[in-house]
Amino acid sequence: MSVFVDGGRVPRPAWWATLVAALVVALLGAGIAYGTHAYATEHEGRLLPGVTVAGVDLGGMTAEEAVAALEATTAEQLDRTVTLHGDGQVWRTTPRELGSTTDAQSVVTDAMEASRAPGLAAMARMRFFGDSFSLEREVTVMHSVAGAQAFVDEAAAEIHVPARDAELHVIGESFEIAPEANGQVLDTDAAVTELMAALEDGGDRVDLAVHPVEAERAASDFRQVLLLRQSAHTLELYENGQPIGSWQVAVGESGHSTPTGIYQITLKRHMPTWVNPSPRGWGSGMPARIGPGVNNPLGVRALNWNAPAIRFHGTANVRSIGTNASKGCVRLTNADVVELYDLVDVGATIVSIG
């Protein structure tokens with residue numbers, strides 16, 4: 001069969017030619033579809049070509065292979081030695097030992113999700129035209145503050161030396177003073193900050209700040225010690241460990257004993273006024289108060305203890321000296337208490353031995 005066009009005859013294609021063409025197109029489409037499907041199947045569970053993380057080409061790798069490849073690139077950073085120096089000592093560790101990790105797993109997981117996203121058209125272009133899947137990511141190294149703190153605390157425990165205050169110890173009827181000793185402590189906050197900076201910046205050495213700690217009480221705080229031996233009725237004054245004065249005294253009578261232990265002079269009173277401490281008891285019948293004077297029950301001087309109503313004081317009753325005669329206070333003759341008053345400072349230590 002023919003058709004005429006502008007006077008010419010154009011032969012019409014035979015039906016079989018049309019069929020062949022259709023078959024070719026169909027086969028070509030089927031081949032592309034098959035190839036695309038095969039390509040997708042081949043990369044199922046694997047990262048597509050073109051996936052790069054931290055400069056590492058991960059195309060074609062499984063998730064496990066990709067994580068291992070990335071961890072290999074960060075191993076040197078995680079396993080490098082970091083040293084802490086302080087007090088003549090050195091502590092060694094690594095970022096990994098301190099709990100440093102990477103986000104390699106989550107990065108690979110995200111890349112796997114992205115690798116499943118391209119459609120068939122994109123897959124076909126990659127299979128037949130060499131297109132690549134473009135995805136670039138970085139791996140972050142994350143450092144543990146808790147790990148750094150724990151490591152610094154271990155070093156601090158080895159560096160720390162507590163300060164020891166000077167102490168007065170009663171030994172028999174005497175005493176001795178154990179001198180103070182200064183200590184040292186690590187500034188842990190500064191150390192953790194410096195260690196974290198070294199981890200993040202790639203440093204390998206941290207110099208620790210060790211500070212001295214002074215004792216709160218020194219042996220010089222016991223410069224003056226008054227040693228009261230009640231059984232011997234003697235009072236001795238020591239200055240810087242050396243005896244500089246000794247006096248006979250009277251102490252508390254039965255039922256009103258002078259307290260024993262360690263006390264301090266809290267107040268020095270010149271020409272004191274006596275106030276009746278027990279107007280309804282042993283002081284009944286006595287005046288409510290007696291003004292300063294030689295016959296004042298406190299004498300001409302008084303030195304208060306940090307114990308209720310207890311003091312060293314003078315007395316005109318010199319016959320009581322060397323006996324247990326007071327209501328708890330320690331009596332000296334007026335002449336002796338003036339001497340004591342002039343020698344002793346507020347804050348002096350009292351050691352009272354029964």
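By helices I mean DSSP runs of H or I with at least four residues, and strands are DSSP runs of E with at least two, both numbered from the N terminus. Residue numbers start from 1 along each chain as its sequence is written. Before going on: this is a predicted model, so local features need pLDDT of at least 70 and side-chain atom pairs count only at pLDDT 80 or more, while totals for chains, interfaces and linings use all residues; side-chain values use heavy atoms, with hydrogens and water left out.

So, is Thr-74 buried or exposed? Thr-74 is buried, because its relative accessible area is 8%, and buried means under 20% (exposed is over 50%, partly exposed is in between, with a 1.4 Å probe and protein chains only). Which residues does Thr-74 touch, leaving aside neighbours within four places in sequence? Those are Thr-102, Val-139 and Val-141, where contact means heavy atoms within 4.5 Å.

Now let's zoom out for a second. The protein chain has 7 helices and 26 strands. Of its 354 residues, 38% are buried. If you take the contacts with a separation of 6 or more, 63% of them are between residues 24 or more positions apart.

How confident is the predictor? The chain averages a pLDDT of 85, and 82% of the residues score at least 70; pLDDT is the predictor's confidence in each residue, from 0 to 100. Over residues 119–125, though, the pLDDT is below 50, and this stretch has 11 contacts in the model beyond near neighbours in sequence. Residues 127–131 are also below 50, with 10 contacts of that kind.

Next up, helix α5. Its 15 residues, 145–159, should span 21 Å at 1.5 Å a residue, and the end C-alpha atoms are 21 Å apart, so the two agree. If you want to check that, the expected span is 1.5 Å times one less than the number of residues. At the start of α5, a side-chain oxygen of Ser-144 comes to within 3.4 Å of the backbone nitrogen of Ala-146.

Which residues of α5 are buried? They are Gly-147, Ala-148, Phe-151, Val-152, Ala-155, Ala-156 and Ile-159. What do they pack against? That would be the strands β5 (82–86), β6 (89–93), β12 (183–186) and β14 (210–213), plus helix α6 (188–201).

Let's pick Ala-156 from that list. Ala-156 counts as buried because its relative accessibility is 12%. Leaving aside neighbours within four places in sequence, Ala-156 is in contact with Leu-186 and Thr-188. Leu-186 is 30 residues away along the chain, yet the two C-alpha atoms are separated by 5.5 Å.

Last stop, β5. How many of its 5 residues are buried? The count is 5 of 5. Both faces are covered, with Val-82, Leu-84 and Gly-86 on one side and Thr-83 and His-85 on the other.

And who are the partners of β5? β5 runs antiparallel to β6, joined by 5 bridges; strands count as paired if DSSP finds at least two bridges between them. Gly-86 has Gln-89 as its bridge partner in β6. β5 and β6 make a hairpin with 2 residues between them, and Asp-87 in the turn has a positive phi of about 55 degrees. β5 also runs parallel to β13 (residues 205–207), with 3 bridges, and there Leu-84 stands opposite Val-206.

Key: A polar contact is a pair of N or O atoms within 3.5 Å; within protein, one must be able to donate a hydrogen and the other to accept it, and residues adjacent in sequence count only if both atoms are side-chain atoms.
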